[in-house]
Amino acid sequence: MNLLYSVLVSILLVDFNNAVPSKISKKIVPNPRVCVIGAGVAGLTSARYLQEEGISFTVLEATRYVGGTWRYDPRVGTDENGLPLHTSMYKHLRTNLPKPTMELRGFPVPEDMPSFPSWKVYYKYIQDYAKHFDLARHIKFLHNVILVSREDNVWKVKYQNVLSGEEFEEQFDFVIVGTGHYSKPKYPNMPNEEHFTGTVIHSHDYKEPEIYKDRRVLIVGAGPSGMDITIDVANYAKTLVHSHHSKIKFNTVFPKNYIRKPDVKEFNATGVIFQDGSYEDIDDVIYCTGFQYYYPFLDKSCGLDLSPKSVTPLYKYMVNIRQPTMVVMGLTVRACLVVALDAQSRYATALVKGNFTLPSHDEMMEEWNRRADVIRAKGRPLSDIHFLAEKEDEYYASLTEESGIERVPPVMFKIRSVDTQAKLDDLYTYRDYVYTIIDKDTFVRTLEDKDVNRIR
Ligand SMILES: Cc1cc2nc3c(=O)[nH]c(=O)nc-3n(C[C@H](O)[C@H](O)[C@H](O)COP(=O)(O)OP(=O)(O)OC[C@H]3O[C@@H](n4cnc5c(N)ncnc54)[C@H](O)[C@@H]3O)c2cc1C
Ligand SMILES: *[C@@H]1O[C@H](CO)[C@@H](O)[C@H](O)[C@H]1NC(C)=O
Ligand SMILES: *[C@@H]1O[C@H](CO)[C@@H](O)[C@H](O)[C@H]1NC(C)=O
């Protein structure tokens, strides 16, 4: 059957709930049109699969570049067109996952790519991917999406040429939102920060450590950015004061200039007083306090509950349950992110193609509620709804089971687990390992060609 048939069925299922008999009128829209928003990994992988299926689509990208957050830009603030700089990349960034778990399907990472490539090497790989699959011809660069709304059973997408200011509105049958969520900083609320005379930035604007030479730097937060930027800046700073409340056991032995502190109590003009009453003189602050979900262009009529901490309700972590001809990509946290994006792109394409149909609205809500209940029962915040973590492999299996896409092999999750532990053990050495996939369940980890251990 045809794509639009299934798309229509899902629309009707939502509108009239699942009391709709299977004999609903099969109004077939002749040329289904898909709008992909963003040309990062999410948008590019979607474009590749949609193209392969001969589906008509357009990618709208606000900048003149592909690759989204992987493109380092030395500037902060706004770009040459007055748009907020999207990328959160910094000069010394290397991936925190090894290259087999950063590979896009059907486009092997180069033999000579380092085990944990720099942003520059990985960005080149993404650019090469776009060239290899000839994707640029589908991308409207420098077109910023400003409003997506749902009217009369179609999507209306309003976008603006960022150079001329000219606005356009187009109708689509399906929308793939791939605008990323590591761009809009989440700032903490710190008492008396306004009296502090040093510099304060968020990790989104962190570029390079050299400017912190011989300075007393405070880093707040112990997420992936917090840990990575701590190591980077500690190489230069006079003292690196690290404030966080993570209960995770970090085994890394830090250098002598590293000082661990609890949460910030308050600032004064010259430094920071911590919750334990201690004080440190501080010259510069870097907040590594994470990012907000931010979809300012999604109108209420899209049917999503949007908050800085969560986007709900989503079926399979991506399908907008209230309007299931929209998917939001990459909202899976704690996973092999590009591998997950690639799988989601295939799932979305299979959905558009009509390879499978979604469950009813109520069944999808049930799936979502089951997950939400587990989180509530643990007394955890609803933002956990986006965590895959231990459920990562199960997730890939379920995407395949439902949509028929090729399964992401279990070895991906296994490598990520070992890499995560290695990182907890030693931030300075975890990137010295080389991971080689043997088969779908097995990989080999080597260290400087010695110490081979097979992990199954
Ligand atoms: C510092 C950092 C390090 C990371 N390290 C790793 C790692 O080691 N391994 C890993 O797997 N993942 C890593 N990630 C996660 C990374 O975000 C994903 O790997 C992936 O690149 C996300 O791709 P995306 O396409 O979803 O979003 P993005 O790469 O953010 O791309 C979104 C695109 O949408 C465009 N856009 C935004 N709004 C609009 C609009 N309104 N209209 C039109 N276009 C718009 C943007 O310009 C951008 O090009 C890292 C992220 C960061 C920030
Ligand atoms: C900030 O507080 C500390 C600790 O109480 C103090 O030693 C320091 O002088 C204060 N700085 C200013 C400018 O008041
Ligand atoms: C949809 O199904 C066809 C036929 O089985 C298959 O060739 C194609 O790869 C599928 N598309 C996706 C995106 O899974």
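## Conventions

Residues are numbered from 1 along each chain as its sequence is written, while chains are lettered from A and ligands numbered from 1 in the order in which they are written. The model is predicted, with local features needing pLDDT of at least 70, side-chain atom pairs counting only at pLDDT 80 or more, and totals for chains, interfaces and linings using all residues; side-chain values use heavy atoms, without hydrogens and water.

## Ligand 1

The shell of ligand 1 holds 32 residues, where a shell residue has a heavy atom within 4 Å of the ligand. Glu 61, Thr 69, Trp 70, His 86 and Asn 96 come nearest. By class, 16 are nonpolar, 15 polar and 1 charged; Ala, Val, Leu, Ile, Met, Phe, Trp, Tyr, Cys and Pro count as nonpolar, Asp, Glu, Lys and Arg as charged, and the others, Gly among them, as polar.

## Ligand 3

Around ligand 3 are Glu 53, Arg 346, Thr 349, Ala 350, Asn 355 and Ile 405, divided into 2 nonpolar, 2 polar and 2 charged residues. The side chain of Glu 53 has an N or O atom 2.6 Å from a nitrogen atom of ligand 3, and that of Asn 355 has one 2.3 Å from an oxygen atom of the ligand. Of the 360 Å² of accessible area that ligand 3 has on its own, the protein covers 46%.

Methods: Polar contact = N/O pair within 3.5 Å; in protein donor to acceptor, adjacent residues only side chain to side chain. Areas by Shrake-Rupley, 256 points an atom, 1.4 Å probe, with all protein chains shown as cover.
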